[in-house]
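Please look over the sequence and the coordinates below before reading on.

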Amino acid sequence: MTQTKLWNRDFSLLITGQVVSIFGNMILSWALPLYILYISDSSALFGLVLAVPNISLLIMSPIGGIMADRLKKQRIMFWLDAVTTVIIVAYMVISGLFEAVVPIVIVKLLALNAIQGIYMPTVQAAIPALSPSDKLVSANAVTTVVNSLSNLVAPAAAGILFSQFGLFPILIIAAVCFAITTVMNLLIRIPFVKQPACKSIPELIKSDLTQAAKFAVKERPIMAKLAVIMFLLNMTIASTLMVGMPVIITQHLGMEMDMVGFSASFMMMGGLAGGILAGVLGKRLTMPKMWFIGLLVGLVIAPIGIALLLDLPNFATFVIITAASAVTLLIVQMFTIPVFAYIQKETPGELIGKVMSVIMMMPFLANAIGQLIYGIFFEQFAPWIVVVVSSGASVIIALLSRRHLKV
């Protein structure tokens, strides 16, 4: 059934479920690594805890893309949210019995990210099935805006709750969120066309991923180029913010964890604004313009390095970090939303899940590598050096990408 309006019943249910689910995931994903940074005071260990779970995300993302194309999407989301609820409850029990905190947290995040690796391609594949084809940019913008709303509240809530009460209340809230979305997924109706599967599972995975990679590289080479650009920008800018912001605020500015949460919430506010702006601009955000948006991303974080170099007062530096992070995420959303909409529009329905998963593997891989490296960088070098070098590298990446982004 072809949808004629954006806010139809099933799209509305999908979006509402995303608000609750992402809030639960974000509050937990923020709290667990911050807990490790709090008890260890080590940026290298913090980077390790952020980086290692990306391995499961990277491995499961292509499998999630295959599942999204071959199975009923609402059933996939139902079982993933149900399993996540069980995992959180199990973690609450296990963490009270053992003292090996870091391995338990890493295993927990590996499990969560493995589930997210399947979940995200499923949602991305569901959006074109539930939205009119001429409103895909708006649909992706709506998804980003509501995700940003959840992200806006989650880091601040995680920082305040962790600072005042510890980790246990955060685990309870996350479990409740996933339990709610488990029920909501039963109500969504997503169109499904069964595909033939006459091969063994390993052959099927190889065949589907080869087909998706061939489409992105040979038939639509700009998609592969966009994936490479996302990889490079994630390895520099995203890793700088994800690792650097908590480390700088707590270790170099001497502030508490709740300030990390507030800063992250303001950053997500920038993401919210970016989602709205991308929806308003719509078709004007074309692929040949993406290099310039990437250039802006690299330039915006430079003031953080300058503030640290000049040794400005702590609160002034905190304000600059928070503002620069918010503007950075605003610009990032103006890059990712049109890119995802373009891929969804140009990819045949039976390939959307697989192609999206292959494209999304690149940022996951970049996060795994970048967060591990930047955890070490922030421990070995002055933070202003790391930030300035990262900014310069991102500017060079954007300038070099200009001639490759022609549709």
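What follows begins with the conventions and then turns to the helices.

The model is predicted, so local features need pLDDT of at least 70 and side-chain atom pairs count only at pLDDT 80 or more, while totals for chains, interfaces and linings use all residues. Residues are numbered from 1 along each chain as its sequence is written, and side-chain values use heavy atoms, with hydrogens and water left out.

Helices here are DSSP runs of H or I with at least four residues, numbered from the N terminus, and strands are E runs of at least two. Two packed helices are described by the angle between their axes and the distance between the axes. An axis is a line fitted to C-alpha atoms, for helices over the stretch in contact, and angles run from 0 to 180 degrees between N-to-C directions.

The axes of α9 and helix α15 (residues 383-401) come within 10 Å and cross at roughly 160 degrees. The two are therefore roughly antiparallel; angles over 145 degrees count as such, under 35 as roughly parallel, 65 to 115 as roughly perpendicular, and the rest as oblique. This crossing of α9 and α15 is left-handed, a term used if the near helix is turned anticlockwise from the far one by less than a right angle, with right-handed used if clockwise. Contact means heavy atoms within 4.5 Å. On the α9 side the contact includes I229, L232, L233 and I237, and on the α15 side P383, V387, A393 and I397 are among the residues involved. By class, the residues of this contact of α9 with α15 are nine nonpolar, six polar and no charged. In this scheme Ala, Val, Leu, Ile, Met, Phe, Trp, Tyr, Cys and Pro are nonpolar, Asp, Glu, Lys and Arg are charged, and the others, Gly among them, are polar.

α9 also packs on helix α13 (residues 314-346), at an angle of about 160 degrees and with the axes 11 Å apart. That makes α9 roughly antiparallel to α13, and the crossing is left-handed. Among the residues in this contact are L226, I229, L241 and I248 of α9, together with F318, I321, F335 and V339 of α13. The contact of α9 with α13 has 16 nonpolar, four polar and one charged residues.

With helix α10 (residues 257-281), α9 makes an angle of about 140 degrees, the axes lying 9 Å apart. α9 and α10 are therefore oblique to each other, and α9 passes α10 in a right-handed crossing. L241, M245, P246, I249 and T250 of α9 meet M257, M259, V260, S263, A264 and M267 of α10. These residues of the contact of α9 with α10 divide into nine nonpolar, two polar and no charged.

Which residues touch the most other members of the largest nonpolar core? They are I27, W30 and V339, in a core of 106 residues. The largest share of this core, 14 residues, comes from α9. A nonpolar core is a set of buried Ala, Val, Leu, Ile, Met, Phe, Trp, Tyr and Cys residues joined through side-chain atoms within 4.5 Å. Buried means under 20% relative accessible area, exposed over 50%, and partly exposed in between, for a 1.4 Å probe and protein chains only. Leaving out residues up to four places away in sequence, I27 touches A154, A157, A158, L161, I170, I173 and A174.

Some single residues complete the picture. Q371 is found in helix α14 (residues 352-380) and counts as buried because its relative accessibility is 5%. Not counting residues up to four places away in sequence, Q371 touches G47, L50, A51, N54, S239, M242, V243 and A366.

The loop between α12 (302-309) and α13 holds D311. Most residues other than glycine have a negative phi. D311 has a positive phi of about 55 degrees although it is not a glycine, and D311 is exposed, with a relative accessible area of 65%. L310 has its place in the loop between α12 and α13 and counts as exposed at 57% relative accessibility. The C-alpha atoms of L310 and W384, 74 residues apart along the chain, are separated by 9.2 Å.
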